[in-house]
Amino acid sequence: MTTDEAAALLFREARLLDAQRYDEWLALYLPDAWYWVPSRADQASWKDTISIVYDDRQLMEMRVRRLMHPHAHAVQPPARTTRILGNIEIEETRADDCIVRSNFQMIEFREDRQLVYGGAVRHRLVRRAGALAIGWKRVDLVNAAGVQEPITIIF
Amino acid sequence: MQFEQLIQHDRVHRRVYTDADVFEAELARLFGRAWLYVGHESQVARAGDFFATRLGRQPVIMVRHSDGAIHVLHNRCAHRGPKVVSVESGNAGEFRCCYHGWTYATDGRLTSAPYSKDNFGAHDLDPQRYGLAPVARMESYRGFVFASLGKDGPDLRTFLGPLTGSFDDLVDRGPDGIEVAGGVFKHYYDGNWKLYLENIIDPTHPLFVHESSIEAGRGQQDVGSGAGEIARRQMVQNGEVWRLYEKPTVFAFPHGHAFMGDYHSDAKLLSGHGDPKFAPYRAALAARVGEDRANKILSVQLFNSVVYPNLTFMSQFRQLRVVHPISVDRTEVWIYSFRLKGAPEEMFQDTIYFANAINSPASPILTDDLETYRRQRDGLISEGRDWVLLARGAGADQQIPGGLAGNTGATEVALRAQFKAWAAYMADAA
């Protein structure tokens with residue numbers, strides 16, 4: 001797996017999230033995938049410590065279904081986002097998967113407020129039937145331990 | 001301003017949520033006098049452990065001294081005023097101010113003031129009088145530490161009244177007691193601090209506010225296990241809140257406190273419904289207190305409790321929320337989870353998943369509550385109407401020992417009790 005190949009998938013994911021094409025975003029992920037945003041730096045486990053997000057595949061699906069519900073008040077109107085990925089490196093490579101590290105910076109705008117988020121991201125990318133899929137994603141926000149505004153987007 | 005004129009028995013003037021002068025008066029008269037929740041003693045388990053928080057807007061430290069006693073001290077150097085503790089928690093032998101090195105023992109006494117001996121004018125730098133100032137009053141109930149910034153008022157037990165039962169419900173569920181564990185969620189919202197305490201004891205909002213997450217849960221065919229399973233169960237259960245509307249289930253008390261019964265029917269979320277999943281926990285509890293007592297403890301069905309003005313907690317679900325007012329239209333909430341000591345670790349894992357589902361700033365449930373507060377902030381600016389109605393069930397409240405019960409769960413009795421207490425605090429400028 002090359003860095004360019006990994007980057008292409010990460011860029012695609014970023015594009016789908018910024019466009020709020022959540023069903024297509026979910027389709028990038030494997031059936032046993034998870035999406036994790038820890039509540040503190042260096043968090044070792046999602047079982048003994050709270051997480052801003054710890055979604056198994058089922059909860060990812062419910063999160064998306066709720067965001068698309070016409071009465072999801074917190075996204076009426078929806079937030080808009082634009083994100084930049086960089087510093088993409090393949091951290092570990094195994095036979096049919098790899099761990100990719102990247103940084104992101106994202107501007108979110110909703111109603112009367114513009115916010116900046118940023119952090120380090122790790123993806124597990126897996127080759128399945130010739131194509132790349134996402135096995136899991138961990139997002140370590142620089143302000144994970146800070147006081148948060150309501151979060152209605154997917155990092 | 002005659003603040004009590006803003007309150008009538010079943011409606012309040014919108015200015016209680018929008019007027020910065022009202023907010024400043026609340027900090028002095030209400031937050032300056034009432035018992036305020038500080039923290040749980042497990043947060044300062046060992047000598048030297050400290051936890052920094054705020055009472056109203058004022059920075060304080062809860063700290064355990066070498067003799068085991070817990071102190072609540074103003075976090076302000078006696079000399080030129082910096083906070084002496086700048087991190088949220090830790091362990092310290094003493095506290096030293098960054099500015100001129102004044103040093104304080106963990107009971108607040110001044111122990112060192114460099115270059116000051118016989119060089120401080122008329123000030124003798126008596127270790128007590130020039131220490132970290134203690135709060136006016138401090139008491140605890142079953143490990144929950146409260147402080148008051150005012151010298152006068154009822155003792156803590158009298159203040160809490162029947163709400164002691166809600167703390168008992170939380171503590172008694174731990175075979176070996178309880179402890180704060182798993183981290184803290186902190187979030188802001190755009191809206192007045194009172195809105196949070198109103199919403200948390202308003203059983204008629206979930207079917208509307210939480211419709212999107214209720215239906216997201218109901219639509220999930222592949223239910224899985226673990227984090228998603230717990231979240232789905234809770235999202236779906238919010239659609240069952242109508243169970244509370246069949247009889248009196250909201251109970252309100254003096255000083256603005258209240259609790260409500262539980263609407264959950266899902267035996268996988270509730271340890272008291274006999275699901276085999278909880279058999280090891282039930283056995284651990286029974287081994288400590290006996291079968292009869294364990295059955296009695298687990299049969300209690302409480303959902304939210306509110307200790308006005310800065311605390312709300314869920315005894316059955318081991319969640320505790322502290323409300324910090326920032327400004328008239330901005331509030332910060334800190335949310336803690338408790339571990340039932342001596343219970344199987346799976347119980348705590350469920351607590352963590354439950355906390356993520358309902359109390360994370362990214363929660364599919366909570367974010368719709370926070371959006372509602374923001375819309376209240378915006379809507380209440382309107383001068384089209386001055387009054388906010390709290391009239392659901394008004395005129396039909398029932399007397400119970402020490403308080404009132406709403407006629408059914410579809411009631412705003414707890415909100416009326418909050419404002420009755422509010423008016424009493426605010427009427428008196430003493």
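Q: Is Tyr189(B) buried or exposed, at 1% relative accessibility?
A: This is a predicted model, where local features need pLDDT of at least 70, side-chain atom pairs count only at pLDDT 80 or more, and totals for chains, interfaces and linings use all residues. Residues are numbered from 1 along each chain as written, chains are lettered from A and ligands numbered from 1 in written order, and side-chain values use heavy atoms, without hydrogens or water. Buried means under 20% relative accessible area, exposed over 50%, and partly exposed in between, with a 1.4 Å probe and protein chains only. At 1% relative accessibility, Tyr189(B) therefore counts as buried.

Q: What kind of pair do Tyr17(B) and Phe419(B) form?
A: Both Tyr17(B) and Phe419(B) are buried. Their ring centres are 6.1 Å apart and their planes meet at 80°, so the pair is edge-to-face.

Q: What kind of pair do Tyr189(B) and Tyr196(B) form?
A: Tyr196(B) is also buried, at 1% relative accessibility. The ring centres of Tyr189(B) and Tyr196(B) are 6.0 Å apart with planes at 20°, so the pair is stacked.

Q: Which residue lies over the face of Trp387(B)?
A: A charge sits over a ring if NZ of Lys or CZ of Arg is within 6 Å of the ring centre and within 35 degrees of the ring normal. At 4.3 Å from the ring centre of Trp387(B) lies Arg11(B).

Methods:
Rings of Phe, Tyr and Trp (its six-membered ring) pair if their centres lie within 6.5 Å; planes under 30 degrees apart count as stacked, over 60 as edge-to-face and the rest as tilted.
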